[in-house]
Amino acid sequence: MAPGILVEEAQSTADASPSVFKHKNAYRNQDAPRDIFPDGIRTSGQHPPLYDVLKPYAEFPKEIAGPTVWKREDFVNNPERWVHPFTDEEVQELSDTADAFIASGTPLTGISQENFPLPKLGTVLTNLRDDLLNGKGFILFKRFPADVWGAEKNAVAYMGLGTYLGYFLSQNGRGHVLGHVKDVGDDPTQIHTVRIYRTTARQFFHADDGDIVGLLCVHRAQEGGESDIVSVHHVWNTLQQEHPDVAELLTKPIWYFDRKGEVSEGQQEWVRQPVVYLENGGKGRLYCKWDPYYVKSLTRFSDKGLIPALSEEQLRAMQILEETCQRLALHMILEVGDIQFLSNAHLLHARTAYKDFAPPAPRRHLLRLWLATPESEGGWALPMPDSDEKKRGGIQVNNTPPKAPLDAE
């Protein structure tokens, strides 16, 4: 299937294979009208997998080896292996480039490597990108001056860094390409409509709808809100040893994921897919896409018989997967000025529940980036119709233009 064509599922049944449709203003996603998308690239959005290229469990590896398989013990007492404090020289280069970008008047949604040059720090980030994609899959930067710069400069500098790792994606139906992880008073029990990052509730182990996720800490919580990450490939090896039946169930395309109403014209309210895939070509690596909140929130459809309810076997698999991740995870605390970049292909991440300081102290606040790394630029070969889109994945509702709000909306 040609890259860049807008692809969506057929509407006849929940299990229909993907088919091509044309938007009323159809165009290639990576040649989008600049009056809507300033950098000329539209976020592709959520798509069902290409069902005919999904692999059966018999073809999955029984054990994975290599740099993507790591244990907590490899890093817990070795911060030099995964922590990079920005040097004074790197901070100055980032500051100067951010100031120049702001002075240019270019909209933040049009930022790119071309208009945000980082001759020295850019080399560090380029080398890091390979480790994120093909190595351990995470890094923690320190000494970003988040408590010194204002909201605009923080946003510009942070998004500028991100352009050296991937293409920024829309993260919700409102087109936000700069996300704000912050409690805005939403009810976390209403999981069919509420995105949990907008609450103080725990986030269970999950991956986001982009190849790389970045989190910049602007304000800390009074307590909690701490981060856990785990190697999917280490989890897979552990499941193969302890619960091979669970591993097999995760490879089957029987899992329905909620779109929570962030749906374009002609799309279904859910996506049916496996939890783990094998690459469609490439290196044949195991890839994971998971978020239990999006699987548990579909009772409004299963109660009507539109999709199957979760089986006892699925509920058991979900519990075992979460418990295994918790047991194997590396724990970290993000301080103000820390930036965590993670792979969504071969890592899962979680967050503990938290409590904010009482007003007038600021609430816990992280700035989030979702970044895409297309197949032709070193990204994984996903069994998705948009695998070679520059902005593959993300959440795109119709032609909602990208926005980079400087605070939560």
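How many helices and strands are there in the protein chain? This is a predicted model, and its chain has eight helices and 19 strands. Of the 409 residues, 59% count as buried. If you look at contacts with a separation of 6 or more, 79% of them come from residues 24 or more positions apart.

Let's zoom in on one residue. His-180 sits in strand S6, which covers residues 179-181. Its relative accessibility is 6%, so His-180 counts as buried, the cut-off being under 20%. The side chain of His-180 makes a polar contact of 2.8 Å with the side chain of His-365, and it also reaches the backbone nitrogen of Asp-407 at 3.4 Å.

A search of the whole structure turns up 10 cavities of 30 Å³ or more. The largest cavity has a volume of about 520 Å³ and is lined by 33 residues, with Gln-46, Ala-207, Asp-208, Asp-209 and Lys-289 nearest its centre. Elements giving two or more residues to this lining include strand S11 (255-258), helix H6 (292-296) and strand S19 (365-372), but S7 gives the most, with three residues. By class, the lining splits into 13 nonpolar, 10 polar and 10 charged residues.

The second largest cavity holds about 180 Å³ of space. Its lining has 18 residues, and Gln-203, Leu-215, His-349, Arg-351 and Leu-366 lie nearest the centre. S7 and S19 are among the elements that give two or more residues here, while S17 has the largest share, three residues. That lining comprises seven nonpolar, six polar and five charged residues.

Terms used: Residues are numbered from 1 along each chain as its sequence is written. This is a predicted model: local features need pLDDT of at least 70, side-chain atom pairs count only at pLDDT 80 or more; totals for chains, interfaces and linings use all residues. Side-chain values use heavy atoms; hydrogens and water are left out. Helices (H or I, at least four residues) and strands (E, at least two) are DSSP runs, numbered from the N terminus. Buried means under 20% relative accessible area, exposed over 50%, partly exposed in between (1.4 Å probe, protein chains only). Contact means heavy atoms within 4.5 Å. A polar contact is a pair of N or O atoms within 3.5 Å; within protein, one must be able to donate a hydrogen and the other to accept it, and residues adjacent in sequence count only if both atoms are side-chain atoms. On a 1 Å grid over the protein atoms alone, a cavity is a set of points where a 1.4 Å probe fits but cannot get out, and a pocket is an open set with protein on both sides within 12 Å along at least five of seven lines; lining residues have an atom within 4 Å of a point. Grid points are joined across faces, edges and corners, and a volume is the space filled by probe spheres set on the points. Ala, Val, Leu, Ile, Met, Phe, Trp, Tyr, Cys and Pro count as nonpolar, Asp, Glu, Lys and Arg as charged, and the others, Gly among them, as polar.
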